[in-house]
Amino acid sequence: FRALRSRWTGRRRMPETVSLGLDTSNYTTSAALLQNSEIHSRGRLLPVKAGEIGLRQSDAVFHHTRQLPQVVAELGGAVQDVRVIGVSDRPRDAEDSYMPCFLVGLGAAEMLGQALGAPVHRFSHQQGHIAAALYSAGRLALLERPFIAFHLSGGTTEAVLAEPERSGKIFTTRLAARSLDLKAGQVIDRVGVLLGLPFPAGRHLDPLACACGEKIKARASMKGADCSLSGVENKCRALAESGAPRETVAAVCMAHVIAAVDAMCAALRAQYGDLPVLFSGGVSSNSMLRAQMAEKYGAVFGEPRFSADNAAGPAVLAALREEGFGCAF
């Protein structure tokens, strides 16, 4: 990846500590190396059979166990220079947050830490997504102030209030809004598979939806700042069964997902004030979502490759924590 040094904002540049990040989510095996303010990242999707919409946790653990050594090896000899390791060990920053697939990355991080004499810092998968998006957008200085962070993926549709934490945690998150049923990525994947697209379907559904020439009207189903997305899948299935063009079905899916996210953002801005808004997670790569939310709210987005599951966030957060200056940039 190209260097992003010229894009840092705030009072200080990134620390120069060589940092390794690991992330073993339910979709991707990821490793990233932060060196000289530049991220080198590798990742492999977990294999999913055609027509299926996900993996059991036991299968995810099996595939991560096979893939992680290969992914780390692709980073090359620079891994030997690692001085600190960051790893995602749970989905969210909450006491009851747990998913077995993250134990693969955690175990590997602990072993590498012992072998290299490097401290290991744990973060949530969600914190990693937020940090990766901030890094990519050159907006890490937002960690010095409260902001609203959306995490939109196959497993999560949430908005959290992110706030600086001076006691070594770098930043904390507090749940502010969520989907009450299906997640945005789940809806997109299910509709995509319905249309014969590969899983995960987001990057394939995006151009299909953009090719639709119809003007789609969409309304969000809301309860306060929380949304409901189960009706979107039902609507799209009915359209597909009635013979509607694939482009129309894809556009209807995205229009309703965006309407829900828009309503969530508007409700949170009304509650918390005019805070900066950040989008992370694989669904945040969608071109229609990015255009509408950036225009309406001035929302911050990371580059698409830093929006999908990746290990850049844990690498960045570990380097910041190890340098000992918390949120001061």
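This is a predicted model: local features need pLDDT of at least 70, side-chain atom pairs count only at pLDDT 80 or more; totals for chains, interfaces and linings use all residues.

Me: Which residues lie nearest the centre of the largest pocket?

Reply: The lining has 30 residues, and those nearest the centre are L45, P200, G282, A308 and D309.

Me: And which elements give two or more residues to that lining?

Reply: Those are β2, β3 (38-45), α4, α5 (202-210) and α9 (304-307). The biggest contribution is from β3, with 5 residues.

Me: What about backbone angles elsewhere, say phi of N36?

Reply: Phi of N36 is near 55 degrees, which is positive although N36 isn't a glycine. S37 also has a positive phi, near 65 degrees, and isn't a glycine either. N36 is in the loop between β2 and β3, and S37 is in the loop between β2 and β3 too.

Me: Is S37 buried or exposed?

Reply: S37 is buried, with a relative accessible area of 0%. N36 has 37%, so it counts as partly exposed.

Me: OK, over to β1. What does β1 pair with?

Reply: β1 pairs with β2 in the antiparallel sense over 6 bridges, and β1 and β2 make a hairpin with 3 residues between them. β1 is also joined to β4 (residues 84-90) by 4 bridges, and that pairing is parallel.

Me: How many residues of β1 are buried?

Reply: 6 of the 6, so β1 is largely enclosed by the rest of the structure. In a regular strand, side chains alternate between the two faces of the sheet. Here S19, G21 and D23 point one way from β1, L20, L22 and T24 point the other way, and all are buried.

Me: Where does S25 lie?

Reply: S25 lies in the loop between β1 (19-24) and β2 (28-35). At 2% relative accessibility, S25 counts as buried. Setting aside neighbours within four places in sequence, S25 is in contact with L46, H64, C101, F102, H125 and D309. D309 is also one of the residues nearest the centre of the largest pocket.

Me: Switching to the other end of the chain: what is the strand order in the open sheet with β12?

Reply: The order is β8-β7-β6-β11-β12, 5 strands with mixed pairing. The edges are β8 (170-178) and β12 (300-301), each of which pairs on one side only.

Me: How many bridges join β11 to β12?

Reply: 2 bridges, and the strands run parallel, with β11 covering residues 277-280. F279 has F301 as its bridge partner in β12.

Me: Which residues have the most contacts inside the largest nonpolar core?

Reply: F150, L205, F279 and M293, in a core of 46 residues. Helix α7 (residues 246-272) supplies the largest share of this core, 13 residues. There's a second, separate core of 32 residues, with V84, A131, L143 and A162 among them. In soluble globular proteins, nonpolar side chains tend to be buried together.

Me: What does L205 touch?

Reply: Not counting residues up to four places away in sequence, L205 touches I188, V191, G192, L195, L197, A250, C253 and M254.

Me: Last one: where is D181, and what does it touch?

Reply: D181 is in the loop between β8 and α4 (184-194). Beyond residues up to four places away in sequence, D181 touches Q186, S228, L229 and S230. The side chains of D181 and S228 are joined by a polar contact of 2.4 Å.

Me: Is D181 buried or partly exposed?

Reply: D181 counts as partly exposed, because its relative accessibility is 27%, and the cut-off for buried is under 20%.

Me: And how far apart are D181 and R44?

Reply: 28 Å in space, C-alpha to C-alpha, with D181 and R44 137 residues apart in sequence.

Definitions and conventions. Residues are numbered from 1 along each chain as its sequence is written. Side-chain values use heavy atoms; hydrogens and water are left out. Two strands pair if DSSP finds at least two bridges between them. A nonpolar core is a set of buried Ala, Val, Leu, Ile, Met, Phe, Trp, Tyr and Cys residues joined through side-chain atoms within 4.5 Å. Buried means under 20% relative accessible area, exposed over 50%, partly exposed in between (1.4 Å probe, protein chains only). Contact means heavy atoms within 4.5 Å. A polar contact is a pair of N or O atoms within 3.5 Å; within protein, one must be able to donate a hydrogen and the other to accept it, and residues adjacent in sequence count only if both atoms are side-chain atoms. On a 1 Å grid over the protein atoms alone, a cavity is a set of points where a 1.4 Å probe fits but cannot get out, and a pocket is an open set with protein on both sides within 12 Å along at least five of seven lines; lining residues have an atom within 4 Å of a point.
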